[in-house]
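Have a look at the fold before reading on.

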Amino acid sequence: MSGEDASGPDDWRTTFRPDIPSPARIYDYLLGGKDNYPADRQAGDEIASLLPDIRQAFGWNRTFLRRVVSFLIGTAGIRQLIDIGTGLPSAGSVHAVAKQLAPAARIVYVDNDPVVLAHGRDMLHGVPNTVIIEHDLRSPASILADPELRRLIDFDEPVAVLLLAVLHFIADADDPAAVIAELLAPFPSGSYLALSHATADGTPAINDAAKVYDEATAQAHVRGHDQVLALVRGLDLVEPGMVWTPQWRPEPEAEIPAHPEKSFYYALLARKP
C-alpha cells in the first residue's frame, strides 16, 4: 500500500511488474501464502535472515486484526469499517470476522496494489455490503469521495478506520498524522482508529530489514514509541493503550510471549472524542 510517486509505462501501478517486490506480497510470502513471486520471496528471505521471528510477528499482527475487529463489532457496536492497506486476502480477513458477529456490517477495503485489487475483487464477489476500491492512503480526500465508499458508509454514523501494518510505508513528509485526522474528520464522536506500526524500539535490526523495502513498491519508515503515539494525538486510547501486538486484549487462553517486543509492532485502538 502506498509508495513513492512514479510514472511512465513501467509504473507498477499500471503495468504488472512482478520483478519489483511488493510489501503485500512479501507479507503474503512470510505468512505462508501463495500469491507472491520470486522477487517477493527473495526480499522476504532477506528480511527473515535479519529478523528470524518475522513470520511469527506477522502472525501476531493478523491475530491483532481479528481481536480488534471483534472488539469493534461486538463491544463497541460499530457496523461500518474502512480497512486501508488491505493486503492480500487470508484467513480471518476483516469482513469474515465482522460478518460472523454482525452479518449486516459494511466493509470498504482500500489498496493501490494491482495484485491485491485483483484478488480482493475475486474474493469479495457475491459478498454483500463489502467492496474493495483503488486509492492511495496519502490521498484521504479521494478515498472519502469514492462513490462506492459513499454508497456503503454513512457519514452520520461512527466508523472504524483500520490502518494495520501500513503507516510505516508513509513517509514523514506525507504527514501520516494529518492523513489520520482527515480520514476521521467527517465522522462523528465514537468513531475509532485501529493501527499497528513497525518499530525498532525492541529490535534494532528492524532498521536494517526496513532497507530491503528500498527496492520495493513502497519504502519503510519505522518509528519509535513517541512518534507512533503522536500519530493519534487528540484521540482517546482504548485500554490497554499502545502495547505490543500480542499484549492487546489477548484471548483468555492466549499465552503472552516472554519477549513481546519480538512482535516488532506497536498496536493500539483509539476513539474519537
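## The largest cavity

Helix H3 gives the lining of the largest cavity its largest share, 5 residues. (Helices are DSSP runs of H or I, at least four residues, and strands are runs of E, at least two, numbered from the N terminus.) A cavity here is a set of points, on a 1 Å grid over the protein atoms alone, where a 1.4 Å probe fits but cannot get out, and lining residues have an atom within 4 Å of a point. The space comes to about 430 Å³, the volume being what is filled by probe spheres set on the points, which are joined across faces, edges and corners. Of the 30 lining residues, Tyr27, Ala165, His168, Phe169 and Tyr265 sit closest to the centre. Sorted by class, the lining has 22 nonpolar, 5 polar and 3 charged residues (nonpolar: Ala, Val, Leu, Ile, Met, Phe, Trp, Tyr, Cys and Pro; charged: Asp, Glu, Lys and Arg; polar: the others, Gly among them).

Keep in mind that this is a predicted model, where local features need pLDDT of at least 70 and side-chain atom pairs pLDDT 80 or more, while totals for chains, interfaces and linings use all residues. Residues are numbered from 1 along each chain as its sequence is written, and side-chain values use heavy atoms, with hydrogens and water left out.

## Nonpolar cores

The largest nonpolar core has 35 residues, and Ile84, Leu137, Ile153, Leu163 and Leu193 touch the most other members. (Such a core is a set of buried Ala, Val, Leu, Ile, Met, Phe, Trp, Tyr and Cys residues joined through side-chain atoms within 4.5 Å; buried means under 20% relative accessible area, exposed over 50%, partly exposed in between, with a 1.4 Å probe and protein chains only.) Helix H8 (residues 176-184) supplies the largest share of this core, 4 residues. Apart from this core lies another, of 33 residues, including Phe71 and Trp248.

## Salt bridges

There are 7 salt bridges, each a side-chain nitrogen of Lys or Arg within 4 Å of a carboxyl oxygen of Asp or Glu. Arg25 and Asp40 pair up at 2.7 Å, N to O. Arg25 lies in H1 and Asp40 in H2, so the bridge ties together parts 15 residues apart in sequence. Both Arg25 and Asp40 are buried.

Arg223 meets Asp172, with the closest N and O atoms 2.8 Å apart. Arg223 is buried at 4% relative accessible area, whereas Asp172 counts as exposed at 55%. Elsewhere, Asp136, Arg138 and Asp174 form a salt-bridge network.

Notes: On a 1 Å grid over the protein atoms alone, a cavity is a set of points where a 1.4 Å probe fits but cannot get out, and a pocket is an open set with protein on both sides within 12 Å along at least five of seven lines; lining residues have an atom within 4 Å of a point.
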